[in-house]
Amino acid sequence: MSELLWVVIRQDDNGNRYRVGRYATREEAERIADALDARGHKQLYMIERIDQHAS
């Protein structure tokens with residue numbers, strides 16, 4: 001099983017951040033973020049890599 005090292009984050013107008021999901025590759029995370037962004041809502045979607053050594 002591959003590790004899910006990429007996360008899509010949604011940031012709302014107030015600066016609150018929420019994890020949308022975790023993905024195995026950056027490309028997969030980018031596809032999800034792009035699809036969510038295409039819905040036309042005013043939230044910001046970003047991709048971050050998870051530090052696999054963090055506790």
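What follows is a short chat about the sheet, the helix and the nonpolar core of this predicted model.

Q: What is the strand order in the open sheet, and is the pairing parallel or antiparallel?
A: The open sheet has three strands in the order β2-β1-β3, and the pairing is antiparallel.

Q: Which strands stand at the edges, and why is one side of each left without a neighbour?
A: The edge strands are β2, covering 17-23, and β3, covering 44-49; each has a single partner strand, so one side of each has no neighbour in the sheet. From one strand to the next, the twist averages 25°.

Q: How many bridges are there between β1 and β2?
A: Strand β1, residues 6-11, pairs with β2 over six bridges in the antiparallel sense. Within that pairing, W6 stands opposite Y23, while R10 stands opposite Y18.

Q: And what about the turn between β1 and β2?
A: These two strands form a hairpin with five residues between them, and in the turn G15 has a positive phi of about 90°.

Q: Over to β3: how many bridges does β1 form with β3, and in which sense?
A: There are six bridges between β1 and β3, again in the antiparallel sense. For W6, the bridge partner in β3 is R49, whereas on the β2 side W6 stands opposite Y23.

Q: Changing topic, where does helix α1 lie?
A: Helix α1, which spans residues 26-37, lies across β1, β2 and β3, and runs at about 170° to β3.

Q: Which residues make up the largest nonpolar core?
A: That core has eight residues, namely L5, W6, V8, Y23, A29, A33, L36 and Y45. Two or more residues come from each of β1 and α1, with α1 giving the most, three residues.

Technical notes: Residues are numbered from 1 along each chain as its sequence is written. This is a predicted model: local features need pLDDT of at least 70, side-chain atom pairs count only at pLDDT 80 or more; totals for chains, interfaces and linings use all residues. Side-chain values use heavy atoms; hydrogens and water are left out. Two strands pair if DSSP finds at least two bridges between them. Helices (H or I, at least four residues) and strands (E, at least two) are DSSP runs, numbered from the N terminus. Axes are lines fitted to C-alpha atoms, for helices over the stretch in contact, and angles run from 0 to 180 degrees between N-to-C directions. Contact means heavy atoms within 4.5 Å. A nonpolar core is a set of buried Ala, Val, Leu, Ile, Met, Phe, Trp, Tyr and Cys residues joined through side-chain atoms within 4.5 Å. Buried means under 20% relative accessible area, exposed over 50%, partly exposed in between (1.4 Å probe, protein chains only).
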